[in-house]
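Reader: I'm new to reading protein structures. Could you walk me through one, feature by feature?

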Amino acid sequence: MPPTLAAGGPRVLLRRLREIMAEQTSAQDRLNKLVSVIAANMVAEVCSIYLRRAGGALELFATEGLSAQAVHNTRLAKGEGLVGLIVETAVPLNLSDAPAHPKFSYRPETGEDPYKAFLGVPVVRGDQVIGVLTVQNLTARHYDEEEVEALLTVAMVLAEVVAQGALYDLAELEDVTLAPTKPVHYRGDAIADGLAIGQIFLHEPRVKVERMIADDPVAELQRLEDALLELRASVDAMLESSDLDLAGETREVIEAYRLFANDQGWRQRLSDAVRSGLTAEAAVERVQDETRTRMNRTSDAYLRERLHDFDDLARRLVRYLVRAGSPWESHAPLPGSVVVARAMGPAELLDYGHSQIAGLVVEEATQNSHIAIVARSLNLPLVGTVEGIADTARAGDTIVVDGETGDVHLRPMSDMLVAFHAKQALRAQRVARFAAIRDEPAVTRDGVRISLNINAGLLVDLPHLNESGADGVGLFRTELQFMVGAAMPGLKDQVQFYRKVFEAAGAKPVVFRTLDLGGDKVPSYGRRVIEENPALGWRAIRVSLDRPALLRYQVRALVSAAEGRRLRILLPMISQVAEFQHARAQIDRELERASRMGMPLPEKVDIGAMVEVPSLLFELNQILAEADFLSIGSNDLLQFIFAADRTNPVVSRRYDTLSPAVLNLVRGITDTAGKAGRLPSISVCGEMAGRPLEAMALIGLGITSLSMQAASIGPVKMLIRSIDTRALRPVLDRLSTLSAPSVRDALTAYADEHRAELGRLV
Ligand code: PEP
Ligand code: MG
């Protein structure tokens, strides 16, 4: 009769494992007992545990049935033998005649030649195979599904035990580091300057599974079924939600979620894992670990992409099971935390804004995305384009985020921490140097006065106006206020808000940009309009012209808040002069209305246009004649000029802001404006204006007004006071004729040679 699973099956086995692990004996002792109990339970002559050493070799850590001398002596190189194959494929290997397999590697010291039947399963932790658990029998046979399932379950518990350091005194013998305690260094994109050292708060937290082994499998199956029901209902609710109004790709994604959530194969694998003795949450993790390892090895990009969806669903299911609040809600981080996310929108960041987080790492954030802008406005260091960190990071781990260099250190060693604390101190000194020139004018060495302004959008930005010593607010992004609230602000709210802005600014000018909603700026309460290309879609002035009431209300609020003061209004995304004229007509109608009603009119109303859509460059003379001022929105302008989505990390870094094309573009604008005698009415308010090297180039090309995040005022002013525009102009003229993709290095060399202050740490 072929051997089979002993009476009681895996549940008894798991209970025994738990008892063994709780014993106060040495780790080797416990492992030895473990293999002998597994062998007995599975009616196998051999049971062995191999664990991975650094470098990938697999070492025999314990065995029942093979020669005891082989323990800690038999090592299989990476990929060697059947065990190596299991690590590579991450799937169980079930063979009735193992020695006949081409990958079989005979090791005389083990004495394993007489054993024919072989079953090996991967020991998986996260998405890594950290070892292999095997059973062997003398007679040729195929292990049945139940046995494979049982061994997989045991392997999962073993993985947990290894990771939790229960075998630490063994692992200590050499450099086995299985628990996620290793320091990891990432080099991402430095998106928002600053340095944060803190504990990780996961934006989409992975819930820790505490209970692995179930006491009552029937009740456990019921828990699983209940949680699956909840999960399915929540996905259905998402699809049906009128708030989200899903269409196109987003709907497809959620539809795929629905398919996965209802997948009978998934449900079956989950229930099988529960039947083998695991708790429902441990079962979800085990099945997910298997799916992840399998899918990660596939070359099918689509499948690998779907892994994120599967991971997300599994995480949500676990959260339903352990009741860590509703899976769709996030909870609040402690002050000083560093938030780590795969992706995050500006509205989500604004939600965190109130919890005094110290910094951010967002895998998919890019330089000119709106999350970047909001991070800068909140003065939060942000590093983006950091692949894989959301999976590797654990809540509560220490992390260092250097928003100046793009370095992220996960679980840093103590000397690294000391170095970063020193850097923090240096940064504080640098800030003190900027503060010392706060009241000095921003004048170049040859006497050119540059107007320096801040970009703002929230009340928290306003104290920065005086703290930084800026001349005014060059860009007030009014849409941010629409994005923080739970509902659309009414007329009264808007009046109150703008009044506060006027009050905070005092005599300094504020340029209010009308709503620039759409694209990646969508308020939580808004109906999400799904578009193939949102950046090219229904946004900004297009919305305002199609929904004039929105624009009129906003202008009404601004006029009322101005209370007779001068009002500056900036219109975003103007593509044609005709759009500017239409918007101006709406503004005029509001002014007429105010006058009819006897309200105090602003002393003067200046209306400007953002230059951020390339078509406007071809009507530059006309718009110069119509508009009171122009503001170059380099973030959008460059994404359209280079046809490279500012929010897409794959392409956003492809083209350097400091390329001959951009230099020629800016020079074209300043030359035309200069000829029209309008140079002083041109400013740059995109992110490039706040970077000293870029600011130097802009000034060299004739720009005399810049608007930037408040934290950049000091560094840019220091730069301005160290340069000479007469010397710069010919350098930029020469650089703009080059065919190089970037002039960054050449410009940096010039700056260093001429002692231009680029604001780097000494
Ligand atoms: C720009 O596009 O450069 C700009 C300043 O506007 P926003 O970044 O808000 O789109
Ligand atoms: Mg823009």
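Reader: Let's start with helix H25. Which residues are buried in H25?

Author: First, keep in mind that this is a predicted model. We call a residue buried when its relative accessible area is under 20%. In H25, that label goes to Pro-660, Val-662, Leu-663, Leu-665, Val-666, Arg-667, Ile-669, Thr-670, Thr-672 and Ala-673. The helix covers residues 660-675, and its 16 residues reach 22 Å from the first C-alpha to the last, close to the 22 Å expected at 1.5 Å a residue. After H25 comes Gly-677, with a positive phi near 70°.

Reader: What is the relative accessible area of Arg-667?

Author: Its value is 18%, and because the cut-off for buried is under 20%, Arg-667 counts as buried. Now look at its side chain: Arg-667 makes a polar contact of 2.7 Å with the side chain of Asp-733.

Reader: You brought up phi. Which residues other than glycine have a positive phi here, for example around 55°?

Author: The general idea is that most residues other than glycine have a negative phi. One exception is Ala-643, with a phi near 55°. You'll find Ala-643 in the loop between H23 and helix H24 (649-652), and at 69% relative accessibility it is exposed. Asn-379 also has a positive phi, about 60°, although it is not a glycine. Asn-379 sits in the loop between H12 and strand S12 (382-384) and is partly exposed, with a relative accessible area of 43%.

Reader: What about ligand 1: how many residues surround it?

Author: For a ligand, start with the shell of residues around it, then check the polar atoms. Here 16 residues surround ligand 1, and the closest are Arg-477, Arg-513, Gly-633, Asn-635 and Arg-646. Now for the backbone. A polar backbone atom of Asn-635 is 2.8 Å from an oxygen atom of ligand 1. For Ser-634, a backbone N or O atom lies 3.1 Å from a ligand 1 oxygen, and for Gly-633 the distance is 3.3 Å. The protein covers 100% of the 290 Å² of accessible area that ligand 1 has on its own.

Reader: Which element gives the largest share of that shell?

Author: That's H23, with 3 residues. Helix H12 (370-377), strand S16 (472-477) and H23 each supply at least two residues of the shell.

Reader: Now sheets. In what order do the 6 strands of the open sheet come?

Author: Strands of a sheet pair through backbone hydrogen bonds, either parallel or antiparallel. In this open sheet the order is S3-S2-S1-S6-S5-S4, with antiparallel pairing. Strand S3 (75-76) and S4 are the edge strands, each pairing on one side only.

Reader: Why is S5 described as largely enclosed?

Author: Strand S5 (residues 117-125) has 8 of its 9 residues buried, so it is largely enclosed by the rest of the structure. S5 is joined to strand S6 (residues 128-137) by 9 bridges, running antiparallel. With strand S4 (residues 93-95), S5 pairs in the antiparallel sense over 3 bridges.

Key
Residues are numbered from 1 along each chain as its sequence is written. Chains are lettered from A and ligands numbered from 1 in the order in which they are written. This is a predicted model: local features need pLDDT of at least 70, side-chain atom pairs count only at pLDDT 80 or more; totals for chains, interfaces and linings use all residues. Side-chain values use heavy atoms; hydrogens and water are left out. Buried means under 20% relative accessible area, exposed over 50%, partly exposed in between (1.4 Å probe, protein chains only). Helices (H or I, at least four residues) and strands (E, at least two) are DSSP runs, numbered from the N terminus. Two strands pair if DSSP finds at least two bridges between them. The expected span of a helix is 1.5 Å times one less than its number of residues. A residue is near a molecule or strand if one of its heavy atoms lies within 4 Å of it. A polar contact is a pair of N or O atoms within 3.5 Å; within protein, one must be able to donate a hydrogen and the other to accept it, and residues adjacent in sequence count only if both atoms are side-chain atoms. Accessible areas come from the Shrake-Rupley method with a 1.4 Å probe; for residues, only the protein chains shown count as cover.
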